[in-house]
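User: Could you walk me through this model and tell me what each term stands on? I would like to see the value next to its definition each time.

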Amino acid sequence: MKAVGQPLPHESARGHVTGEALYTDDLLRRFPGILHAWPVMAPHAHAAVVSVDASTALRIRGVATTLTAADISSGAEGDTGPNRHDEPLFPSEVLFHSQPVAWVLAETLDLARQGAERVVVSYLPLPAVLTIEDAIATGSFHSPPFHLQRGDAASALAHSPHRLQGELRIGGQEHFYLETQCAIAWLDETSGVALHSSTQHPSETQEIVSRVLGRPRHTITVECLRMGGAFGGKETQANTWAAIAALGAVKTGRPVRVRLPRRLDMVLTGKRHPFLARFEAGFDDDGVLQAVRASLYADGGWSLDLSEPILWRAMFHSDNCYFVPGMDLTGYVAKTHKTSQTAFRGFGGPQGMVMIEDILDRVARTLDLPPEIVRRRNFYQEGHSTHYGQPVKDAGRITTIWDELLGTSSFAERRLAIADFNAAHRNRKRGIAITPVKFGISFTATAFNQAGALVLIYRDGSVQVNHGGTEMGQGLNTKILQIAAQSLGLPLTAIRLMPTRTDKVPNTSATAASSGSDLNGAAVVDACDKLRATLLPPAAALLECAAEAVRFENGQVFADGTDRSIEFVKVIEAAYRQRLPLFAHGYYRTPEIHYDPATGQGRPFYYFAYGAAVAEVELDGFTGDTRLLRVDILEDVGDSLSPIVDLGQIEGGFVQGAGWLTLEELLWDKQGKLATNSASTYKLPSWPELPPDFRVHLLERAADPSVVYGSKAVGEPPLMLAISVREAIREAVAAFGSGGIIEIDTPSTPERVFFAIERARPRRLSVAPPKAEAAQR
Amino acid sequence: MDFVLNARIVSVPDLPQSTLLDWLRQEGLTGAKEGCAEGECGACTVLLRKDHPTGSQYVPVNSCLLFLPMLAGQEVYTVESLAENGRLSDAQQAMAKAGGSQCGYCTPGFVMSLFAEQYRPGRTGPCNPHAMTGNLCRCTGYRPIRDAALSLGPAPDGPFLERLKQPAPAMAGFACGGFERPASLPDYFQIISREPDTQAIAGATDLAVEANLRDRRWPLLVSLEALPELRVFEDTPDHVEIGAGLTLTEIENRWASAPPVVRDWFELFASPLIRNRATLGGNLATASPIGDAAPLLLALDARLKIAGVHGERWVGLDKFFSGYRKTVLAAGELITSIVVPKPFPEQARFFKIAKRRMDDISTVAACFALDLGISGRITRAAIAYGGVAATPVRVRIAEEFLLGKRWNEETMQEAQERIAAQLEPLSDHRGSAAYRLAMTQTLLEKFFVEQEDGVAV
């Protein structure tokens with residue numbers, strides 16, 4: 001039986017349901033004498049730090065020490081910025097509300113918090129930039145603007161039969177991984193610094209710890225057991241907490257735990273970037289786009305973090321599945337006094353796609369055409385290239401998926417039924433929409449597209465697999481287990497996946513960009529290929545057959561064409577006695593990719609993941625309440641490595657995307673303090689957001705032979721399928737009115753939907769128009 | 001103090017204001033996780049064994065919202081206890097098999113809620129997935145978890161089922177440093193006369209959040225859980241009397257003849273995990289302008305029975321709230337019961353506007369109640385809101401206008417105008433003033449339209 005492609009539950013499912021699966025903070029009891037950390041947080045969004053007197057904290061019994069700028073040794077650098085070094089651990093200028101300026105370590109968390117309250121900091125408040133509009137007005141940007149062009153958009157716009165222009169505000173999103181940020185650091189038995197860290201990028205955590213301690217990386221070992229969710233939020237933003245823990249462990253000689261309770265995690269860590277898009281589009285009488293000219297403003301927050309590649313990805317996805325002859329995109333990373341916005345599933349792609357889908361709906365309503373007709377007319381065809389010069393590989397799949405999903409979802413019949421429903425209901429309206437996804441797979445930073453693995457076979461035939469990827473719930477280790485079992489011809493039980501450690505595979509990339517199984521899976525295959533090659537001669541000798549006839553399957557080694565077979569462990573023992581190495585490293589780098597960051601031209605992506613979704617919603621005209629009635633999805637995952645895992649990524653990504661677009665709202669108050677800073681004020685999708693009728697299918701005959709076992713990446717693309725929900729809501733809002741463009745910012749909360757309906761259908765009711773919102777985005 | 005943990009008696013030092021969750025994790029029982037520390041995510045769910053007419057039942061609760069001494073003499077089960085001799089319980093097996101876990105962090109909490117649902121006395125048919133609406137998952141999108149629930153049949157024989165034939169442990173008086181649980185109202189008054197600085201505590205779903213998120217501590221918490229005077233429930237031809245110490249779930253289970261407006265309201269009130277602990281008295285006494293009980297009970301003309309050292313008194317709920325988070329309760333006074341007079345209104349609806357339909361805090365809550373006389377003219381009208389003023393309010397000026405009128409579109413619109421003229425809601429992160437003001441009006445129209453047609457159109 002093939003291990004790859006089997007529908008297996010998560011490799012740790014048993015541990016999950018029994019509570020035996022351990023997360024970083026569950027290890028606390030294993031570290032007697034551990035100290036707990038609490039930050040001293042600035043009560044301003046922007047201020048100069050005039051003085052810090054931490055000595056007062058030490059008067060509390062149980063406070064062990066404090067950490068301030070004085071604790072950075074000479075030769076070390078107290079900064080955790082992953083690219084630009086712009087994230088001082090102990091800042092002289094506060095750049096966002098609640099920014100830590102010092103830390104207190106104590107015997108208990110409560111004592112650390114009490115100690116932090118005693119630290120005396122004097123600030124000189126400065127004016128704060130809190131919105132993208134403020135940043136534009138004051139010229140507050142992290143980087144010069146990015147440009148991406150194809151053709152002569154200005155001329156194409158001028159010559160288009162129709163033109164429109166508009167503006168769209170796209171809200172951010174809190175990751176709300178259920179496990180908040182956590183790291184434990186201690187001095188190991190050989191004076192090295194060891195860490196357990198809930199990080200998507202152990203190698204970078206190691207790098208940052210090394211930088212902050214001023215010690216070479218070989219003295220630092222970072223382990224990530226598993227994460228309780230990450231979604232991009234632990235790609236760079238796990239590093240700071242690990243650095244503080246390590247600094248404290250070195251200073252005190254005791255283990256140190258830094259865990260952010262939810263209320264701190266919400267106010268201290270970055271989120272999905274809020275965007276402002278200003279756009280013009282030119283199109284013909286059929287709704288075929290001639291040109292799009294747009295400015296994309298990403299709210300980067302206080303430090304640069306990953307905002308540049310995120311903005312690039314937004315610009316790379318501003319075409320989604322559509323061929324636009326004239327493209328002229330300018331991107332800006334606004335510098336504001338807010339949390340430093342960071343990677344989040346889709347990495348800018350979703351914001352770019354929301355804009356182009358918004359434009360296409362406006363085009364359709366301008367021409368009074370069904371949006372699904374206009375969208376289809378604009379699809380890429382085989383032979384087309386993107387606006388950044390990359391041929392659209394398998395472009396025909398866009399139309400294939402679209403047409404198949406239109407059929408299986410009974411789109412046309414349901415459209416008619418909805419029209420009947422809407423005619424019969426004055427205060428409730430339904431809407432249906434179909435939207436496509438094309439998502440580029442690879443890190444746009446080409447160097448990151450490499451991975452390593454280390455596979456060890458022991459003399460009893462049991463195997464340990466190490467690789468550079470991290471498990472955050474996405475099922476990477478389930479897939480790796482299946483890949484290793486398949487490659488070595490072993491039962492799943494013979495293989496043990498090891499926690500990710502920097503001393504097993506060095507210089508790894510973040511587990512991000514949907515690339516975890518593509519990269520690490522291929523590296524594991526490479527290691528297993530080497531081991532099989534090593535084992536062939538002894539196996540052939542034992543089986544008395546040619547090396548080409550040797551086949552490894554389910555713990556046995558067969559001589560093809562004969563009835564002879566032998567246990568795997570016998571081959572291993574023979575290999576050992578012949579003094580053959582029973583471990584191998586594996587390595588993979590993605591071929592063929594390149595791009596020029598100066599022009600944005602090239603082939604940044606190895607391939608594209610495709611999919612489409614149909615969503616049907618019902619709106620309550622009295623309240624703006626939205627109900628998701630039914631969702632149909634067709635997703636291209638190639639040959640699925642692990643169907644339950646892939647289905648889970650599609651459904652989970654979709655619901656997370658629907659949350660971002662309809663429910664989850666980040667609001668900051670006038671002081672720059674996050675107003676939605678807890679689970680009671682920031683709402684995740686819950687049971688009512690699960691569509692009662694949810695039909696997900698994988699595209700058949702979709703193998704991509706250039707990817708590991710014919711699979712395709714699935715982590716991020718499904719999130720953007722949720723744009724169908726937003727478009728269905730616009731369709732339903734339109735049904736309240738009598739034509740015209742439907743403008744609605746995201747998230748389309750009941751309040752925004754209500755006022756969109758009011759704009760579409762002015763009613764006799766004396767409802768005051770919305771005043772300026774007290775809270776800001 | 002002693003309590004039963006996973007079928008064994010444990011003794012613990014007195015840690016009055018440590019939560020059960022923190023204590024469990026310190027003891028190495030790390031299956032329960034902290035996801036939010038305010039009872040929103042359910043990752044810390046554990047089971048209590050509580051009374052039920054047929055013996056006892058497993059009641060899932062947030063362990064982050066229980067102070068440890070509240071467990072004195074009680075019985076608690078954590079996820080570590082469910083598998084017997086390495087054999088997974090049905091709920092665990094179903095969640096694992098269905099792909100119900102991805103990152104796994106929320107999973108023990110879901111398992112506990114689902115386990116309690118499978119063992120719910122009198123349950124027939126598949127498990128109700130809505131039993132898990134107090135648990136949040138960020139990974140799966142819930143579909144496999146729903147399927148896991150729907151796949152479960154009757155609870156299997158075994159120690160967990162056997163135990164439900166026994167009565168639950170009694171809630172007895174208890175005292176330790178910083179915490180007392182008197183067994184009668186006179187005992188309660190004795191404590192508060194003796195101790196100058198006490199804080200009454202019932203379900204703790206609000207106070208424990210104050211402790212966890214705002215670092216509040218109290219010199220002496222006095223639990224109301226063992227006061228029999230607060231646990232009455234009486235359904236008579238004239239009225240329904242509800243003990244202030246009953247949890248929302250207990251009220252729902254006991255009030256078999258509750259009118260539809262009350263049934264609808266139960267489901268919209270917080271989550272099952274919160275309803276299993278939160279009391280009606282607590283929801284009113286905190287006097288939050290966005291508490292969900294007040295608009296309903298205001299519209300039903302509820303009265304409160306209040307006890308103090310010097311005796312009892314009655315206060316109409318409409319006279320109870322004196323300002324933002326303030327009530328007319330004098331120091332040491334307690335609500336002992338809530339009395340809802342009969343007959344109930346002929347027509348009544350409760351509406352809750354929130355970003356999320358379930359387990360969210362109201363942006364606006366509204367309850368409307370009407371009686372139409374034989375003449376077709378309005379003989380009783382109540383219009384009550386939460387979330388639009390410093391306290392929950394009734395809009396008397398609109399109610400008085402309605403009396404004697406025919407309930408038609410014109411009347412409704414004139415009432416809307418009176419409501420809009422009367423209310424001045426604020427803007428915050430839950431909604432703008434404009435939206436709130438609009439909702440106060442459109443909800444009345446929704447009430448009118450959906451009543452008139454019998455169905456929503």
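Analyst: Happy to. Let us begin with contacts: two residues are in contact if their C-beta atoms, placed from the backbone, lie within 7 Å. Among contacts in chain A between residues at least 6 apart in sequence, 80% join residues at least 24 apart. This is a predicted model, where local features need pLDDT of at least 70, side-chain atom pairs count only at pLDDT 80 or more, and totals for chains, interfaces and linings use all residues. Residues are numbered from 1 along each chain as its sequence is written, while chains are lettered from A and ligands numbered from 1 in the order in which they are written.

User: How many helices and strands does chain A have, and what makes a stretch count as one?

Analyst: Chain A has 18 helices and 29 strands. Both are DSSP runs, numbered from the N terminus: a helix is H or I with at least four residues, and a strand is E with at least two.

User: Why is chain A called as compact as a globular protein of its length?

Analyst: The radius of gyration, taken over C-alpha atoms, is set against the globule rule, 2.2 Å times the number of residues to the power 0.38. For 777 residues the rule gives 28 Å, and chain A comes to 27 Å, which is close, so chain A is as compact as a globular protein of that length. Along the principal axes, the C-alpha atoms of chain A fill a box of roughly 85 × 80 × 50 Å.

User: What makes a residue buried, and what percentage of chain A is buried?

Analyst: A residue is buried if 20 or more other C-beta atoms lie within 10 Å of its own, exposed if 12 or fewer, and partly exposed in between, with C-beta atoms placed from the backbone. Buried residues make up 62% of chain A. One of them is A:Asp305, with 28 other C-beta atoms within 10 Å, in the loop between strand 14 (289–301) and helix 8 (307–316) of chain A. Although not a glycine, A:Asp305 has a positive phi of about 45 degrees.

User: How do you know whether A:Tyr709 is buried or exposed?

Analyst: A:Tyr709 has 24 C-beta neighbours inside 10 Å, so A:Tyr709 counts as buried. The phi of A:Tyr709 is positive too, about 50 degrees, although this residue is not a glycine.

User: Why are the buried residues of helix 2 of chain A said to lie on one side?

Analyst: In helix 2 (residues 109–118), the buried residues include A:Leu111, A:Ala112, A:Gly115 and A:Ala116. The arc is that of the directions from the helix axis to the C-beta atoms. These residues cover only 140 degrees around the axis, which puts them on the same side of helix 2 of chain A. The buried residues of helix 2 pack against strand 1, strand 3 (63–67) and strand 5 of chain A.

User: What makes strand 1 of chain A a partner of other strands?

Analyst: Two strands pair if DSSP finds at least two bridges between them. Strand 1 (residues 35–41) has 6 bridges to strand 5 (residues 100–106) of chain A, in the antiparallel sense, with A:Pro39 opposite A:Trp103. Strand 1 also runs parallel to strand 12 (residues 256–259) of chain A, joined by 2 bridges, and there A:Leu35 has A:Val256 as its bridge partner. Of the 7 residues in strand 1 of chain A, 6 are buried.

User: What kinds of residue make up the side of chain A that touches chain B?

Analyst: Here 72 residues of chain A are in contact with 72 residues of chain B. Helix 16 of chain A gives the largest share of that side of chain A, 7 residues. The side divides into 34 nonpolar, 23 polar and 15 charged residues. Ala, Val, Leu, Ile, Met, Phe, Trp, Tyr, Cys and Pro count as nonpolar, Asp, Glu, Lys and Arg as charged, and the others, Gly among them, as polar.
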